[in-house]
Amino acid sequence: MHARRRRFEPDSAATRAIVQRFLRAAATGEVQSLMDLLAPDVVQLSDGGGKAVAARRPLTGRAEVVRFVLGVTRTSGATAHVEPATYNGMPAARFLTEGALDWMVAFEIVGGRITGLYGIRNPDKLHRADAVHPLDRGEHQPWKP
């Protein structure tokens, strides 16, 4: 039964609220709020693809992840515009610098806590995350509002 449980909670109003609280706490440097939102065994992974600056190894545990998040926020958070997003079915945040997508973070949330943060800075993957892809089995047509 354990093996059949969902790997993460799908994007919903509740998970988006958790992400918003996380982003607000990161922007304001609220360490305790960040710690409260993270699972004790949280993992942060970054993908720079060798083309963009990113953490070189997985970060594990609340303290290590909070240090990393606050460091990233201090260096780039003030100049970035943040937009909510969904990536691979997970709630995400897109960080735009001067109007261009600079990085994205997807959040894995289980039981109301963030268990994984997946940072994408690899430009080869970001350009795919910037496009709208239809979810159909037929011909791929551009999305029209």
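**Helix α1**

Glycine 29, with a positive phi near 75°, follows α1. This is a predicted model, in which local features need pLDDT of at least 70 and side-chain atom pairs count only at pLDDT 80 or more, while totals for chains, interfaces and linings use all residues. Residues are numbered from 1 along each chain as its sequence is written, and side-chain values use heavy atoms, leaving out hydrogens and water.

Helix α1 comprises residues 13-28 (helices are DSSP runs of H or I, at least four residues; strands are runs of E, at least two; both are numbered from the N terminus). Its buried residues are Thr15, Ile18, Val19, Phe22, Leu23, Ala25 and Ala26 (buried: under 20% relative accessible area; exposed: over 50%; partly exposed: in between; 1.4 Å probe, protein chains only). They lie on the same side of α1 because they cover an arc of only 165° around the axis, taken from the directions from the helix axis to the C-beta atoms. Ala13, Ala14 and Ala27 are exposed on the other side.

**Aromatic pairs**

There are two aromatic pairs in the structure (rings of Phe, Tyr and Trp, the last by its six-membered ring, with centres within 6.5 Å; planes under 30 degrees apart are stacked, over 60 edge-to-face, the rest tilted). The rings of phenylalanine 22 and phenylalanine 107 are edge-to-face, because their planes stand at 70°, with centres 5.4 Å apart. Phenylalanine 22 belongs to helix α1 and phenylalanine 107 to strand β5 (residues 100-110), so this pair ties together parts 85 residues apart in sequence.

Phenylalanine 95 and tryptophan 103 form a stacked pair, 3.7 Å centre to centre with 5° between the planes.

Conventions. Expected span 1.5 Å × (residues − 1).
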